[in-house]
Amino acid sequence: MKKMLKIMALLLVITTVVFAAGCSDKAAESTEEGAVEEAPIAAEEESNVEQSASAEDMPTYIVGTEAQFPPFEIVDSGGNVIGFDIDLLNAIAEDQGFKVEYLDQDFAGLIPALQTGNIDIIASGMTITEEREEQVDFSEPYITAGLALAVTVDNDEIQSVDDLQGKTVAVQTGSTGYLKAEELKDAGVIAEIKDFPHVNEAIEELKIGGADAMINDLPVTEAFIAVQPGVIKIVGEPLNSESYGFAVRSGNTELLEMINAGLENVTASGKYDELLADLPNYMEE
């Protein structure tokens, strides 16, 4: 009997040990499985943290623009600055890994603001000229423009610059149209220049008869005519050929190189052509 009890006790000990070992193995397996399941979540969280940190590390540049120059710059109904220049620079910034914030101000104050460091970039349909190149550094040209002479649709008297003798011309302050008008006035061709901070004001002056003609950038005038036909018309040949560029402070080589590299990539990708095809639509905002 005692022998039987010893055997049963031994079997009980063996059973307890085996059971404990089995539980230990299952716990270990459960722990390993849990680690495998949680790993992707941890990796995802780490990726999100890295992306957030990367976004925070991206430099931000203040962009000066005169947002009343459709279709290149305009303020939409929500108060946002939009337009061809804005979309193009946004695409460049995305390509080069920096952020931009836009500051709306008068065109004539853009270069002084850049020189004093209040802004970092000018994106405002700014024509590249020798005089401006002495004050700022321009990117590669991103659009070819020129100056157009415009009159009201019922004006058959003015057909070209030759017909501006003694006339009044509306222009935008600080623009190349303004410089051309001054040149014509100094030459004794036109009698008076009426300049306005914004191009839409120059167009309005022409519409109401306060000026006989307007000298303004060709693509802007064409875009206005496309949206509001039957108001003004372009007469004669373009007065010159010019190109727009983004501007940075003189000597800011690093930023200039990023803009040029981004412009090249955006053009190569086909994005530039998409934006260019959408040009007249900005006039409808």
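Biologist: What order do the strands of the open sheet have?

Modeller: The order is β11-β10-β12-β9-β13, five strands with mixed pairing. Strands are DSSP runs of E, at least two residues, and helices are runs of H or I, at least four, numbered from the N terminus. Two strands pair if DSSP finds at least two bridges between them. This is a predicted model: local features need pLDDT of at least 70, side-chain atom pairs count only at pLDDT 80 or more, and totals for chains, interfaces and linings use all residues. Residues are numbered from 1 along each chain as its sequence is written, and side-chain values use heavy atoms, leaving out hydrogens and water.

Biologist: Which are the edge strands?

Modeller: β11 (192–196) and β13 (232–235). Each pairs on one side only.

Biologist: How many bridges join β10 to β11?

Modeller: Five, and the two strands run parallel. β10 covers residues 168–172. Gln172 stands opposite Phe196 in β11.

Biologist: New topic. Which residues of α6 are buried?

Modeller: Val199, Ala202, Ile203, Glu205 and Leu206, in a helix spanning residues 199–207. Buried means under 20% relative accessible area, exposed over 50%, partly exposed in between (1.4 Å probe, protein chains only).

Biologist: Why do they line one face of the helix?

Modeller: Seen down the axis of α6, the buried residues fall within an arc of 160 degrees, so they line one face. The arc is taken from the directions from the helix axis to the C-beta atoms.

Biologist: What follows α6?

Modeller: Gly209, with a positive phi near 90 degrees. Most residues other than glycine have a negative phi.

Biologist: And at what angle do α2 and α8 pack?

Modeller: About 105 degrees, with their axes 8 Å apart. That makes α2 roughly perpendicular to α8. Angles of 65 to 115 degrees count as roughly perpendicular, under 35 as roughly parallel, over 145 as roughly antiparallel and the rest as oblique. The axes are lines fitted to C-alpha atoms over the stretch in contact, and angles run from 0 to 180 degrees between N-to-C directions. Contact means heavy atoms within 4.5 Å. Leu88 and Ile92 of α2 are among the residues making the contact, as are Ile259 and Leu263 of α8.

Biologist: What is the mean pLDDT of the chain?

Modeller: The mean is 84, and 79% of the residues reach 70 or more. pLDDT is the predictor's confidence in each residue, from 0 to 100. Over residues 1–41 the pLDDT is below 50. Where pLDDT is low, the predicted coordinates should not be read in detail.
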